[in-house]
Amino acid sequence: MNTPIVDFVKKYAESGVSRLHMPGHKGVSVLGVEQLDITEVNGADVLYSPEGIILESENNATEIFKTAHTYYSTEGSSLCIKAMLAIATNGKSKTVLAARNVHKAFLYGAALLDLTVEWLYPEEAEHICACQVTVDSLREKLQLMAELPSAVYVTSPDYLGNVQDIKGLSEVCHSFGVPLLVDNAHGAYLGFLKESKHPIHLGADMCCDSAHKTLPVLTGGAYLHVSRNAPDNFQNNARRFLSVFASTSPSYLILQSLDLCNLELSDGFGVKLSKTAERVAKLKETLRTFGWSLLGDEPLKITVDCLKSGFSGEEIAVKLREQGVECEFYDRDVAVLMFSPCNNETDFECIKKTFLMLKTGRTVDRKFFKFKECVSKLSIREAIFAPQETVDIESALGGICAAPNVACPPAVPPVMSGEVITEDVIRILKYYAIKKIDVVK
Ligand SMILES: Cc1ncc(COP(=O)(O)O)c(C=O)c1O
């Protein structure tokens with residue numbers, strides 16, 4: 001597989017051309033990468049109307065991911081999520097049906113596009129980040145809706161490694177003629193497992209992947225995938241809506257990284273991934289044998305249910321740090337570890353050592369949340385753009401939430417923008433040691 005963006009920039013950097021264009025560093029090295037940091041100069045193509053090296057590189061990614069087209073983002077999944085919402089609702093109903101554990105990019109996209117969101121709540125949640133949607137609950141909800149939504153939207157995998165039944169959910173969506181959009185920010189690698197678990201291969205119409213989260217790509221590199229089975233207007237509108245929300249100065253460092261990743265993905269990545277997934281599975285087994293309780297079923301993530309094993313997530317994060325390991329996320333209940341083929345033997349050993357030297361046993365029962373449906377007084381757009389103030393949650397009762405407040409961004413917020421703050425909401429926020437909340441003035 002070729003790497004047209006990398007080749008062009010390398011040649012450009014070596015040419016010694018006088019850079020009478022942006023960026024202001026002119027290729028003079030301070031960080032060490034400036035020579036390779038260019039802008040859309042002659043021959044370097046244009047990200048949202050590509051005809052040259054970017055299109056060629058995206059076509060490589062398209063072939064690898066087996067999509068109708070794979071679009072690059074240098075502004076993460078956050079950009080792709082806003083674009084997905086604009087594409088799916090263009091000329092259609094402004095209502096989207098979404099599982100409640102959305103990332104805040106979804107909420108901001110909904111605010112910018114003035115969408116109405118009908119929420120799918122978790123039946124009973126073990127953690128604030130999880131919101132499993134069953135085939136039956138989705139079918140029932142769609143049957144009850146007076147007007148069908150433009151799209152159903154789920155996050156899978158979530159931050160804890162819970163994976164939704166994308167195949168089942170997409171079949172339900174399609175039986176109603178509604179497309180399924182998936183926030184697959186954590187699952188760019190899923191298509192390279194022995195049996196693909198990538199949402200696009202399981203029936204999703206569109207999804208975003210944060211390439212930078214699980215593939216060897218610089219922070220900010222992401223994909224917007226449109227499925228070969230998606231409605232035609234998805235592909236026709238993708239670039240237009242990506243460019244509505246994107247910067248006009250895409251990072252060529254990130255583009256080169258996405259370009260090089262194609263080479264990596266087409267050259268034995270699946271084999272490396274299988275080995276890593278096997279290692280992670282083995283480590284999970286060892287931890288379970290030693291009494292640790294784990295959550296989620298994502299192959300490259302270990303989520304330790306610390307509380308159930310007698311510790312807080314904070315305690316485990318400190319113990320891991322003492323052994324030279326920094327985890328992805330922790331709160332009072334859980335600690336999340338994310339792996340990739342770039343992790344080495346030492347990483348695995350340090351993690352194993354840390355957990356095996358701690359004695360599990362003082363089990364504490366996990367708290368299950370029953371999220372109550374909240375009442376909306378303002379639209380998401382009105383609440384997000386309204387004048388607001390930050391107040392102690394003690395004095396927020398009866399107020400209208402301006403911005404949701406959760407410990408971890410893609411989680412089920414006890415209350416969303418525009419909704420009324422109840423005693424139940426305050427109780428859950430307190431459990432997560434959240435002391436302040438933004439309310440509409
Ligand atoms: C589930 C989920 N969706 C979307 C995002 C946003 O991704 P990015 O940082 O690539 O913009 C994140 C980031 O943490 C996430 O966890």
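**Around the ligand and out to the surface**

The shell around the ligand is made up of four nonpolar, eight polar and two charged residues (Ala, Val, Leu, Ile, Met, Phe, Trp, Tyr, Cys and Pro count as nonpolar, Asp, Glu, Lys and Arg as charged, and the others, Gly among them, as polar). Keep in mind that this is a predicted model, where local features need pLDDT of at least 70, side-chain atom pairs count only at pLDDT 80 or more, and totals for chains, interfaces and linings use all residues. Residues are numbered from 1 along each chain as its sequence is written, and side-chain values use heavy atoms, with hydrogens and water left out.

Let's start at the ligand. There are 14 residues around it, and the closest are Ser78, Asp183, Ser210, His212 and Lys213; to be near, a residue needs one of its heavy atoms within 4 Å. Now for some polar contacts (pairs of N or O atoms within 3.5 Å). Asp183 puts a polar side-chain atom 2.6 Å from a nitrogen atom of the ligand. On its own the ligand has 390 Å² of accessible area, and the protein covers 88% of that (Shrake-Rupley method, 1.4 Å probe). Two elements, α3 (76-89) and α8 (211-214), each give two or more residues to the shell, with α3 supplying the largest share, four residues. Helices here are DSSP runs (H or I, at least four residues), and strands are too (E, at least two), numbered from the N terminus.

Arg139 is partly exposed at 33% relative accessibility, while Asp136 is exposed at 53% (buried is under 20%, exposed over 50%, partly exposed in between, with a 1.4 Å probe and protein chains only).

Another bridge joins Glu278 and Lys194, with the closest N and O atoms 3.6 Å apart. This pair links distant parts of the chain, 84 residues apart: Glu278 is in helix α11 (residues 269-289), and Lys194 is in the loop between β5 (180-183) and α7 (199-202).

Key. A polar contact is a pair of N or O atoms within 3.5 Å; within protein, one must be able to donate a hydrogen and the other to accept it, and residues adjacent in sequence count only if both atoms are side-chain atoms. A salt bridge is a side-chain nitrogen of Lys or Arg within 4 Å of a carboxyl oxygen of Asp or Glu.
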